Amino acid sequence: MTGPHEAVTDALVDEWILAHQAEMLEAMKRLVRIRSVGEGFFPEQAHPFGEGCAQAVDLARELITLAGLQAKEHDYYGISAVYPGNSERTISFFSHLDVVPEGSGWSFDPYDPFVKDGYLFGRGAADNKGAVIGVLYALKFLRDHNLRLNHTVTAFFGCNEESGMRDVEHYLRSDTPSFSAVSDGFFPLGNGEKGILTADFVADVSGSNLLSFTAGELSNVVPHSASAVIQGFPALEVQAALGDDFAVTESADGLLVRTEGIGGHAAFPEGTINPIPKLAKALLECGLLTGKARTAAAFIASAFADYYGHGLHVDAEDEVSGKTTHTTGLVRLTEGKLVVNVNLRYPVSANAQTLIDRMREKGAAYGFSLANIEDNPPFYIPETDPIVRSLADLANQRLKTDLPTYVMGGATHARKLPHAVSFGPSRSDIGNPFPAGRGRPHQPDEALRLQDIWDGIKIYIDAVLLLDKMVD
């Protein structure tokens, strides 16, 4: 075996990446072709998150073996690639194989990936399957060059990051990394994440003319469209009142009213247009709702009129993590009960119970109760931490940038791990070249900038060599 620093040069890494680009691209495409949307949680079954996620694990196992690495099973909660070192202490990478539902509004088949203008297109390409392959090949580089390390290096590819993170909780029952880098963020480094509160506002709208209100599939996705069914008004009158931004069609139960917005990730609602409050406000202002439905629509329109917590009286802010953001990604009406989900990202200094009490008070004023409350607390490592500082400097040096560390509203596996940061491979300093509402994670026409993966592999190789010296 060779010593790591003597063997690794920029020229060697660049040549190796170029030689393996075609097979990496094919591996990414194979992963994207699998619709690995979590189907629920079935802990007593062999495939706890459904068949799509299981297929992704099976393919990942094949790719790990082809890379010449050891595969470690985690009961289909995910799978790990392992490069053994001189001890059982581990430096671990974390990525995920599961994806959010594709939703509507795509310009192409979301599971038929293709490359154009330096981007790989398809659901999950950016979030997070491209990074899975980037990390896997960083470990393959270590193996191909037989580098001697003090730590074992592992890469866990989970199946429940998007809807609960039970994958990493299962992982931690058998493994505890000495340090973890989560490849599901931006360079240079995320040293914290806001807290996440989700809850359901529930109100009785029985006896009104609102028979249906439907939008969204996951709490953490701003939906692309919303629809409602109302009774008691002629179709032409409703269409004239609402205007061309709403589609009105007659259905068996009444009038189906549908509108579109600009979807996106609930953690980054800026730039989205949420169709849920848009539809509620339009129906309300045009006088198209009766009884309890009017009050419920008034709540939705008020509570989600902004993205910074003002509508729910939870607009906390601090210097470390910035402002609260909030949105709604799910609405359902069943047997007269209207359920409106809220997804709140709050600063690291905020008190979760205070926020819950304020939301409960706001909802109660409109006849809503608060149910199914889940709090995912924030985490924060000071930017003065030696490892944080060293990794951020490494990324900035490699990318020729001078970007600060950050605390983000997004949730990654890092918040569930004992000593972890989010570490690339995306770039916060490079804008989205696609039309508003397209191209980013959780949006239609999702796209991965491939240069981010090639740069990320080089940074991850360097990071392993650095961490191998620094981590106790």
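This is a predicted model: local features need pLDDT of at least 70, side-chain atom pairs count only at pLDDT 80 or more; totals for chains, interfaces and linings use all residues.
The account may begin with two helices, H2 and H3. Their axes come within 10 Å and cross at roughly 165°. Because angles over 145 degrees count as roughly antiparallel, H2 is roughly antiparallel to H3. The crossing of these two helices is right-handed. On the side of H2, the residues that take part are Ala 27, Arg 30 and Leu 31, and they meet Ala 56, Leu 59, Glu 62 and Leu 63 in H3. Sorted by class, this contact has five nonpolar and two charged residues, with no polar ones.

The loop between helix H2 (10–32) and helix H3 (51–66) contains Val 37. With a relative accessibility of 7%, Val 37 counts as buried. Apart from its neighbours within four places in sequence, Val 37 is in contact with Phe 49, Cys 53, Val 99, Val 100, Pro 101, Glu 102 and Tyr 111.

By class, eleven nonpolar and two polar residues make up the contact of H4 with H11, and no charged residue takes part.

Attention now turns to the nonpolar cores. The largest has 83 residues, of which Phe 157, Leu 391 and Phe 423 touch the most other members. Leaving out residues up to four places away in sequence, Phe 157 touches Ala 60, Ile 64, Gly 78, Ile 79, Ala 81, Ser 95, Leu 97, Val 132, Val 135 and Leu 136. A second, separate core of 49 residues includes Ala 215, Phe 246, Leu 344 and Ala 352.

His 170 is another buried residue, at 14% relative accessibility. His 170 lies in helix H5 (residues 166–171) and touches His 74, Asp 75 and Tyr 77, not counting residues up to four places away in sequence. The C-alpha atoms of His 170 and Ala 240 are separated by 54 Å, and the two residues are 70 residues apart along the chain.

Some features of the backbone complete the picture. Most residues other than glycine have a negative phi, and most peptide bonds are trans. The peptide bond from Asp 127 to Asn 128, however, is cis, with omega near 25°; Asn 128 is found in helix H4. The bond from Gly 424 to Pro 425 is also cis, with omega near 5°, and Pro 425 lies in strand E26 (residues 425–427).

Positive phi values occur at two non-glycine residues described here, His 313 and Asp 445. For His 313, phi is about 60°. This residue is found in the loop between helix H8 (292–303) and strand E17 (317–318), and His 313 is partly exposed, with a relative accessible area of 44%. For Asp 445, phi is near 60°. Asp 445 has its place in the loop between E26 and strand E27 (447–449), and at 8% relative accessibility Asp 445 counts as buried.

How values were computed
Residues are numbered from 1 along each chain as its sequence is written. Side-chain values use heavy atoms; hydrogens and water are left out. Ala, Val, Leu, Ile, Met, Phe, Trp, Tyr, Cys and Pro count as nonpolar, Asp, Glu, Lys and Arg as charged, and the others, Gly among them, as polar. Helices (H or I, at least four residues) and strands (E, at least two) are DSSP runs, numbered from the N terminus. Buried means under 20% relative accessible area, exposed over 50%, partly exposed in between (1.4 Å probe, protein chains only). Contact means heavy atoms within 4.5 Å. A nonpolar core is a set of buried Ala, Val, Leu, Ile, Met, Phe, Trp, Tyr and Cys residues joined through side-chain atoms within 4.5 Å. Axes are lines fitted to C-alpha atoms, for helices over the stretch in contact, and angles run from 0 to 180 degrees between N-to-C directions. Angles under 35 degrees count as roughly parallel, over 145 as roughly antiparallel, 65 to 115 as roughly perpendicular and the rest as oblique. A crossing is left-handed if the near helix is turned anticlockwise from the far one by less than a right angle, and right-handed if clockwise.
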